[in-house]
Amino acid sequence: MSLGATEQTQPAFVGRNAEVADDFCPILGFDHLELYVGNAKQSAAYYCHAFGFECTAVRGLQTGERTRASYLVEQGGIRLVLTSGLHSSHDAARSVSRHGDSVAVIALSVPSVDEAFSAAVSRGARPAASPAVASDDHGQLRHASIRLYGDCVMQFIERGDYSGVFGPGFEAAPEVAGASRSRGCGLHTIDHVVANVELGRMNEWARFFSRVLGFNQLVHFDDEAISTEYSALMSKVMQDGSGVIKFPINEPAEGRGKSQIEEFLDFHEGPGVQHIACRTDDILGTVSRLRENGVEFLHVPGNYYDDLEQRVGEIDEPIDRLAELGILADRDEDGYLLQIFTKPVEDRPTLFYEIIERHGARGFGEGNFKSLFVALEREQAARGNL
Ligand code: FE2
């Protein structure tokens with residue numbers, strides 16, 4: 001029997017293609033994500049060697065920064081900033097002590113920081129930092145931030161004509177001896193950023209995105225749609241007015257065992273970002289390279305592929321290649337998608353990555369939820385947490 005039976009997942013589509021009458025908080029796209037990590041220097045090496053990022057800018061004692069060390073790693077249009085505190089009193093050090101390595105800042109590029117910030121705050125967002133200017137010889141960069149789930153903040157950034165490397169305080173990273181500068185794995189864009197929140201808080205955060213940021217609800221999955229014998233979750237996907245930014249929000253639901261969301265909440269010690277989905281246009285090539293580099297992926301049961309063609313119809317990629325690499329496929333009314341999930345990228349069972357290639361499909365792999373959950377629970381049981 002296939003574990004990926006689509007008939008068991010029946011999402012209720014809400015507001016799909018809905019136009020936002022008044023997009024009071026227009027967003028241009030993801031600017032970057034900042035992760036607070038235990039050892040930014042070593043994390044940067046991992047993201048470069050395993051995921052094919054390139055370290056392009058640094059900030060730390062060598063650039064006159066006294067409190068933290070940051071490494072900007074880039075691939076395609078994806079920018080991650082990896083930051084560690086240089087003393088235990090720095091926010092990054094405190095965050096790592098509590099959450100382990102995790103996403104601290106989701107930075108969005110906006111046409112006007114002042115307008116985005118005042119629109120959000122007047123609609124109930126809690127401010128984290130008022131609009132301010134950071135400047136150096138290369139120009140000015142405007143930024144402000146509001147509080148999000150857990151200790152995460154959402155930052156608004158307006159780059160204007162800033163021409164320096166990333167931002168004031170950063171300097172171009174020196175060439176690392178022996179390291180190739182073009183070792184990318186084909187990742188080019190952040191597709192979506194998923195949060196896990198506490199039981200009963202999903203609707204509150206969905207309302208936050210719609211009321212405060214003018215997002216609309218793309219889709220809702222209830223616990224009937226996303227459940228296995230042991231655990232269940234509910235999920236709502238919120239997207240901005242132009243549809244370029246998507247934030248799925250999960251909460252645990254009643255099940256026989258501990259859900260993967262509860263496991264996350266236990267080890268992350270509160271809500272936060274569960275996974276970051278990165279787009280590629282060549283998932284076969286990308287996943288081959290990531291596997292060669294040692295990235296670990298969730299194991300997909302061999303029988304998942306037995307009736308894949310019947311379930312998803314005709315796709316361009318050979319099924320045996322997908323099976324070889326453990327890549328999942330799913331179809332919705334707009335087309336199909338291919339996706340794969342890494343294991344957590346730190347010791348705590350918290351943040352992981354999704355690699356996704358879209359061929360028209362705008363969904364999230366609903367048909368794969370079941371098989372994905374079974375795979376996740378196998379890992380969870382092995383950790384003694386089910
Ligand atoms: Fe995802």
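## Close-up views of a predicted model

**View A. Phenylalanine 208 is buried, as its relative accessible area is 7%.** Please keep in mind, here and in the views that follow, that this is a predicted model. Phenylalanine 209 counts as buried too, because its relative accessibility is 0%, under the 20% cut-off. By the pairing rule, the model holds 17 aromatic pairs. In one of them, the ring centres of phenylalanine 208 and phenylalanine 209 lie 5.6 Å apart with the planes at 85°, so this pair is edge-to-face.

**View B. Tyrosine 304 and tyrosine 305 make an edge-to-face pair, because their ring planes stand at 80°.** The centres of these two rings are 4.9 Å apart. Tyrosine 304 is buried, with a relative accessible area of 0%. Tyrosine 305, at 9% relative accessibility, also counts as buried.

**View C. One aromatic cluster brings together Phe30, Tyr149, Trp205, Phe208, Phe209, Phe215 and Phe247.**

**View D. His192, His275 and Glu354 are the protein donors of the iron ion.** Along the chain, the donors follow the spacing H-x82-H-x78-E. The pair of histidine 275 and glutamate 354 links distant parts of the chain, 79 residues apart. Histidine 275 belongs to strand 15 (residues 272-280), while glutamate 354 belongs to strand 18 (residues 352-359). How accessible is histidine 275, and is it buried or exposed? Its relative accessibility is 8%, so histidine 275 counts as buried. Glutamate 354 counts as buried as well, because its value is 1%.

**View E. The charged end of arginine 123 sits over the ring of phenylalanine 24.** Here the distance to the ring centre is 3.4 Å.

**View F. Arginine 358 lies over the face of phenylalanine 364.** For this pair, the distance to the ring centre is 5.6 Å.

**View G. Helix 5 covers residues 260-268 and has several buried residues.** Which residues of helix 5 are buried? They are Gln260, Ile261, Glu263, Phe264, Leu265 and His268. Just after helix 5, have a look at the backbone of glutamate 269, which takes a positive phi of about 55°.

Technical notes
Residues are numbered from 1 along each chain as its sequence is written. This is a predicted model: local features need pLDDT of at least 70, side-chain atom pairs count only at pLDDT 80 or more; totals for chains, interfaces and linings use all residues. Side-chain values use heavy atoms; hydrogens and water are left out. Donors are N, O and S atoms within 2.8 Å of the metal (3.2 Å for Na, K and Ca); water is not among the atoms, so sites may look incomplete. Helices (H or I, at least four residues) and strands (E, at least two) are DSSP runs, numbered from the N terminus. Buried means under 20% relative accessible area, exposed over 50%, partly exposed in between (1.4 Å probe, protein chains only). Rings of Phe, Tyr and Trp (its six-membered ring) pair if their centres lie within 6.5 Å; planes under 30 degrees apart count as stacked, over 60 as edge-to-face and the rest as tilted. A charge sits over a ring if NZ of Lys or CZ of Arg is within 6 Å of the ring centre and within 35 degrees of the ring normal.
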